[in-house]
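Work through the exercises below with the sequence and the model side by side. Try each task before you read its solution.

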Amino acid sequence: MKQVVQNYKSGELAVLDVPVPGCKPGGVLVRSVFSLISTGTELMKVSEAGMSMLGKARSRPDQVAKVMQSVATNGLPATYRKVMGKLDSYTPLGYSLCGVVERVGAGIDDVKVGDLVACAGNEHALHAELNWVPRNLYTPVPDGLAPRHAAFGTVGSIALQGVRQGEPQLGEVALVVGLGLIGQLVVQLLAAAGVRVVGADPDPVRCELAERLGAAAAGDPGSAVVEAAVAELTGSHGVDQVYLAAGGGSNQPVELAARLSRDRGRVVDIGKCRLDLPWNAYYEKELDVRFSRSYGPGRYDPEYELEGRDYPIGYVRWTERRNLACFLDLVARGRVDVEPLISRVADFDDAVETYRRLEDGELKAVAVLFRYPDAPGDGTAQAPAVAVPAVRRGGPAPAPVRASGTPVRLAFVGAGNYATSMLLPHLEQRDGVVLSTVVTTTALSAANAQRKFGFAHATTDLDAVLGDPSVDAVFVVTRHSSHAELTRRALLAGKTVFVEKPLALTEDELAGVLAAVEESGNDRLQVGFNRRFAPLLREARSRFGARTGPASLRYLVNAGRLQHGSWYLRQDSEGSRFVGEGGHFVDTASWLLDADPVSVYAVAPAGNEDLQVVLRYPDGSTATLSYVTTGASGFPKETLDLVADGKVLKLDDFVRASVHFESTAGRRRWVSSRLPKARDKGQAAELAAFVKAVRTGGPMPVPLESLVATTAATLAVQTGLVGGAPVTLARPR
């Protein structure tokens, strides 16, 4: 197996081939999925290793004292050989990871092979493909928590233990000095505990990040911003707690803590900073200085860490293992968000180059993850490839046989708001269309639809409609959970089907629809992906023209929040909001790029429904869908940009469109000449194409293979969120 190591004498970093560790009793063998680089602690070790011998001595006076004692006891030659032997050897790096249990040692009964676990310890959670981890240094990962987020478990435990040492209470005010990885986590933990937080860091980017993650204010410790914020939040009394999460040789953090603490405030040292306490300042306020020992009680106790002897919960409530589990639970429940802290995910094979870029300052990062190749959980176990089902037709598609000039007879299953506002108004006055029957679950809603739109019949009996040979096509416009089953039944009945999105909520439902196609030979299906039919977008696409190189598409959907009580919020029965609506945007992107996606990568901040989805296409094109619910309600719902071959297509909420391009005459652009009377998202044109296909028996407006690919890609978003890695969309050969 491979492992990242460093020679402390020369400073050399390497990825070495080393033997696989044995699976000893009392622990588990874990295959790494993601491991986290501590950009504070680890980079300090890497930096020290690159120093001269004198520099190393100055940076570690504690070790120099041990050497001098050894000289006095063992003599200079023996001590020299011992020190040089220790320096001139490889040492491991890393202490926080998430992986999959590969083997279970004797005496372990709380996890099994294949379970996802978070691991801790600078001897057991190393940057290595495999690690043996004792019982008290791992914990199972909560269901639904992405492995890349679970890899933060150890550093999260360090931050959590520091907060526990500060004993925060509701309504208090805290100052966090140093807004690196640990500091950002401390800010979020304090905010989750009901504490108002002020952050201090010379880096304005980290200050802005802290404010986004819950700090009331953050600024340079040398500026007036921090002091003013503390005065405003505390009535000039000073903060209740200060958390020192900074490193380096400056004494500024402890001096700032003394100046901004209240009388008898608490100062907690979490990082490794200079602690030359100004005696008068600390004495006059009688400040309580506390140290936080790493992950919590149990740290550095070999009986706890190596022999698995737990402390009774009645005596020690929060051990390092219980801290680890608690932090993961907070992340899983959305109380702490680690995704914004991830500056880069690097391949494990690029570890040496990643460390070099971090040390040189070329890579500015709060947190960096290593992603391990071919590990379960990085895209194979936790986020496997998703198969796009093959479309198999059992025989010739049953094109309707109809006399020339006879009208198309339509039935509607469901007559809710979308059907009555966006579909039926385009059909009730269309020549050659007869609204035959409306089917609803309640008699009154069927009667209302019949009265308003002129259906010939209203009923609650679906079987009567499916068995009526005079009905040419069935519209399925019900709640999402029934779409797949109703579509399946209508196809088996030989009807042409128009189903509103989504076609299916699960892979099994999608497979059931395709099984009906194969059994009946009936592939006459359309899903309500209407945006590809929008006149403004179609004209813009025509103006954009053909392309030769890969394209980059950016699609922002400002979806907004749902009203309380909306059935869209019933995720257990109706699927997630994105599964219900996201197919619209995947289909639009695929139509613009003239291909179906080959992979999906999705990330989401904890605690809300915002999503970032990246679709990759066969020619290297990419589409980034930002589906957000937290934006301003006055901002347009949908904005889109397509860039390729020196051309840019821009769509502004189906109201304006433009295409910018280069020509022999210079820079040119086309802009939609007038505003439409209303946003036309293509429903009328889509229905016209569908009715034509029903009337003539010609091809359906969108190939079934495309509808299936879009549905599979939409469903793969959830798979990607759980796995935390790109999902390959595997197509049948």
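**Exercise 1: Aromatic pairs**

The structure holds 14 aromatic pairs, where rings of Phe, Tyr and Trp (its six-membered ring) pair if their centres lie within 6.5 Å, and where planes under 30 degrees apart count as stacked, over 60 as edge-to-face and the rest as tilted. This is a predicted model, in which local features need pLDDT of at least 70 and side-chain atom pairs count only at pLDDT 80 or more, while totals for chains, interfaces and linings use all residues. Residues are numbered from 1 along each chain as its sequence is written, and side-chain values use heavy atoms, with hydrogens and water left out.

Task: classify the pair of tyrosine 355 and phenylalanine 370, and state which parts the pair ties together.

Solution. Begin with the geometry: the ring centres of tyrosine 355 and phenylalanine 370 are 5.9 Å apart and the angle between the planes is 65°, so the pair is edge-to-face. Next, place the residues: tyrosine 355 is in helix 14 (residues 351–360) and phenylalanine 370 is in strand 16 (residues 367–371), so the pair ties together parts that are 15 residues apart in sequence. Helices (H or I, at least four residues) and strands (E, at least two) are DSSP runs, numbered from the N terminus. Finally, look at burial, where buried means under 20% relative accessible area, exposed over 50% and partly exposed in between (1.4 Å probe, protein chains only). Tyrosine 355 has 0% relative accessibility and counts as buried, and phenylalanine 370, at 0%, also counts as buried.

**Exercise 2: A second pair**

Task: decide how the rings of phenylalanine 412 and phenylalanine 455 are arranged, and where the two residues lie.

Solution. The centres of the rings of phenylalanine 412 and phenylalanine 455 are 6.0 Å apart with the planes at 70°, so this pair is edge-to-face. Phenylalanine 412 belongs to strand 18 (residues 408–413), whereas phenylalanine 455 lies in the loop between helix 16 (443–453) and strand 20 (457–459), so the pair ties together parts that are 43 residues apart in sequence. Phenylalanine 412 is buried at a relative accessible area of 0%, and phenylalanine 455 is buried at 4%.

**Exercise 3: Charges over a ring**

Task: which distances from the ring centre of tryptophan 318 belong to arginine 164 and to arginine 317?

Solution. A charge sits over a ring if NZ of Lys or CZ of Arg is within 6 Å of the ring centre and within 35 degrees of the ring normal. Arginine 164 lies over the face of tryptophan 318 at 3.8 Å from the ring centre, and the charged end of arginine 317 sits over the ring of tryptophan 318, 4.0 Å from its centre.
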